[in-house]
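User: I am new to this structure and would like to learn how to read a few of its features. Could you take me through them slowly?

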Amino acid sequence: MKLIGTVKESDNVTTKFDDAFEMDLSYFEDEAVFRQEVSGEGVINGELMYMVCNGTMCLAPAYVDMEFRVE
């Protein structure tokens, strides 16, 4: 299997300065879509990490294993 190009993310990303982290943060609301074009067959393994925050605190990051079979 071969990756073609780079990963593309959906256009609904918002970037704002966050006072708590004192830096620009990018985030998606409701849904995020990431696309990667591939050629050939095989299995793609990966890990998704996400974190939820409000104005005063963040929950610990969560990790989800992913597997995609391309046929």
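Analyst: This is a predicted model, in which local features need pLDDT of at least 70 and side-chain atom pairs count only at pLDDT 80 or more, while totals for chains, interfaces and linings use all residues. Residues are numbered from 1 along each chain as its sequence is written, and side-chain values use heavy atoms, with hydrogens and water left out.

User: How many disulfides does a search of the whole structure find?

Analyst: A disulfide is a pair of cysteine sulfur atoms within 2.5 Å. The search of the whole structure finds one, and this disulfide joins Cys53 to Cys58 with an S to S distance of 2.0 Å. The torsion about the S-S bond of Cys53 and Cys58 is about 110°, so the disulfide is right-handed.

User: Is Cys53 buried, exposed or partly exposed?

Analyst: Buried means under 20% relative accessible area, exposed over 50%, and partly exposed in between (1.4 Å probe, protein chains only). Cys53 has 39% relative accessibility and therefore counts as partly exposed, and Cys58, at 31%, also counts as partly exposed.

User: Which strand supplies the largest share of the nonpolar patch?

Analyst: Strands are DSSP runs (E, at least two residues), numbered from the N terminus. The largest share, three residues, comes from β6, and β5 (42–50) and β6 (62–70) each supply at least two residues of the patch. Met57 lies in the loop between β5 and β6 and is partly exposed, with a relative accessible area of 47%.

Conventions: Helix = DSSP H or I, 4+ residues; strand = E, 2+ residues; numbered from the N terminus.
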